[in-house]
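Here is a walk through a two-chain model, written for someone who likes to know the cut-offs behind each term. Have the viewer open while you read.

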Amino acid sequence: MFGFNFFKSKDKTRKTPCPEDLGILVFENTSEVIQAENLLKSRGWAVKVMGPPPGIQSGCDLVIQFPLIEHLVLMRQLTEAGIPPLEMVPVTDPLLKPVDLFHTKDFGAYLMVRAANMKLTIEKETKIIVNISGGGCPDVPYLARKMVGNHLDQAPRPGKIGHTLCGYALELAYEEINRQCSQ
Amino acid sequence: MLAIVGTVPDESFPLVQGPICLKGDHTLVIDGIQVPVNRGTPALAGAVLRAGEVLGLDLPQGILVGDIGRGHGSRRLYDHLTQTLPEMGLSTLVFHYLQPDVDWHNKVLFAVDAMAERPRLIADAGFMYAAKMSGQALSYDLFTPDVGELSFLADETAPHPFYTRGFILHQNNQVPDLIARACAHKNGARHLLVKGRCDYVVRDGKILARVDQPAAEAMEAVGGTGDTLTGLAAALMETGRSIPEAGRIAALANRLAGALASPDPASQVVDIINQIPAALTRAIEIQEPSI
């Protein structure tokens, strides 16, 4: 009931469009967003999961940002895959700009990245995961047990061992903290 | 007697029932099996036990099973509850990290109805989702949602958290509205203890108390502090206090325990749990108008 499958993506990226060339795809539920993200990324589309803009009242907690010029092709591919979005909205107004899912807090010796409701904290010097907090999904205690105390490079990926929306959010936090550490 | 129903994040952990006690500062023991006090139901149980030292409570009964989020253990535990609950004598019953399953939830609630005396019912995490999804939230005395979970309770059209706006993107500035909506549509228990930057104590949709101090910044990083708050509320309810009073003292004690632990972002929830006796003693001493 609570789970969904994570699909591996090839993550080929195409040219990044200017902000004014972007659109968002709104879905009924977050499971469909994750399925659509995996499908589109596996086909090489430069899409990004974000939070819904304040101007959009329909849909769930996540939207997909995409290059607007490709909207006909994307809509066709998603419809053929059985995951048509509720609506497609061009980002033409500040109130339609999707929200970044990430928030970073620098505690000095420690760095915390929050992705939606899940927070992952590492010790900067060692890159050891020292805490995972947030979320009440059934797999959260398991994710914390498996990841805390491990080096970022050696910890199991929450996208592989998690089963819920919280696990998905934690995977996003994991990817973002890795990105920040590699800069 | 207070009973704690929940899961241990270890698939090999068997289904066990019996008194839970602490061994040292970091370990629980149930049915001869040792469990580290970490986030999830073990953190809730650790908080109950530390609070019990101050409140003079008997050891709680644990009904635990291993589950890593796939639901296999939860379903075995649900089956066990339907068979054993009717014969049990309990005053407070806490349901915690369990796989939400509406059919099993309803069977468990039937088993509660068959008990000679109905205990006060508390639901948190996965079991609370199932209670809302079943449409029987008002059968419960207390829900302890965080702000995201409150958004799900408040969304009368959402059959599942996947459909809820705000479940993972918390709407901290809308908590009073979410409380009102959850209660208006009978998707909240009679009492709510909403956990967040500010904790809210609610009865029948009315906010009776707000607790937002002390606030240790590093607590945001520490996993399991919501579990300890639910455990504290359960222990205080077990003493016979009113649910709003138990919720208010629990919220204050949880924050004081965090402050007393002088946490940094690497602190673990067990560091906070071990401060509960001192924190709870202080929280009880702080006189507030009765609620």
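This is a predicted model: local features need pLDDT of at least 70, side-chain atom pairs count only at pLDDT 80 or more; totals for chains, interfaces and linings use all residues.

The notes below go through the conventions, then each chain, then the contact between the chains.

## Ground rules

Residues are numbered from 1 along each chain as its sequence is written, while chains are lettered from A and ligands numbered from 1 in the order in which they are written.

Helices and strands are DSSP runs numbered from the N terminus, with helices being H or I over at least four residues and strands being E over at least two. Two strands count as paired if DSSP finds at least two bridges between them.

Four strands of chain A make an open antiparallel sheet, in the order β2-β3-β1-β4. β2 and β4 (87–90) sit at the edges with a single partner strand each, so one side of each has no neighbour in the sheet. Ignoring direction, neighbouring strands are turned by 30° against each other on average. For angles in general, axes are lines fitted to C-alpha atoms (for helices, over the stretch in contact), and values run from 0 to 180 degrees between N-to-C directions.

Now the individual pairings. β1 (residues 22–26) and β3 (residues 63–67) of chain A are antiparallel and share five bridges, with G23(A) partnered by F66(A). Helix α1(A) lies across β1, β2 and β3 of chain A, at about 30° to β3(A).

## Chain B: overall build

Chain B has 10 helices and 11 strands. How does its radius of gyration compare with that of a compact globule? A globule of 291 residues would come out near 19 Å and chain B has 17 Å, which agrees; the radius is taken over C-alpha atoms, and the rule is 2.2 Å times the number of residues to the power 0.38. Along the principal axes, the C-alpha atoms fill a box of roughly 45 × 45 × 35 Å.

Of the 291 residues, 59% are buried. Here buried means 20 or more other C-beta atoms within 10 Å of the residue's own, exposed means 12 or fewer, and partly exposed is in between, with C-beta atoms placed from the backbone. Among contacts in chain B between residues at least 6 apart in sequence, 71% join residues at least 24 apart; a contact is a pair of C-beta atoms, placed from the backbone, within 7 Å.

## Chain B: the sheet and its helix

The 11 strands form an open sheet with mixed pairing, ordered β4-β3-β2-β5-β1-β6-β7-β8-β9-β10-β11. β4 (33–36) and β11 (206–211) of chain B are the edge strands, each with a single partner, so each has one side without a neighbour in the sheet.

β8 (residues 142–143) and β9 (residues 191–194) of chain B pair in parallel over two bridges, and F143(B) has L192(B) as its bridge partner. Helix α8 (residues 243–260) of chain B lies across β8, β9, β10 (199–203) and β11, at about 20° to β11(B).

Q213(B) and P214(B) are joined by a cis peptide bond, with omega about -10°. P214(B) is in the loop between β11 and α7 (225–238) of chain B.

Two non-glycine residues with positive phi are also worth a look. D31(B), with phi near 55°, is in the loop between β3 (27–30) and β4 of chain B, and it counts as partly exposed because it has 13 C-beta neighbours inside 10 Å. S262(B) has phi near 40° and belongs to the loop between α8 and α9 (269–273) of chain B; with 11 other C-beta atoms within 10 Å, S262(B) is exposed.

## Where the chains meet

The contact takes 34 residues from chain A and 35 residues from chain B. On the chain A side, α1 (30–42), β6 (110–115), β7 (118–123), β8 (129–133), α3 (140–147) and α5 (165–182) each supply at least two residues.

By class, that side of chain A has 17 nonpolar, 11 polar and six charged residues. Nonpolar covers Ala, Val, Leu, Ile, Met, Phe, Trp, Tyr, Cys and Pro; charged covers Asp, Glu, Lys and Arg; the others, Gly among them, are polar.

Technical notes:
Two residues are in contact if their C-beta atoms, placed from the backbone, lie within 7 Å.
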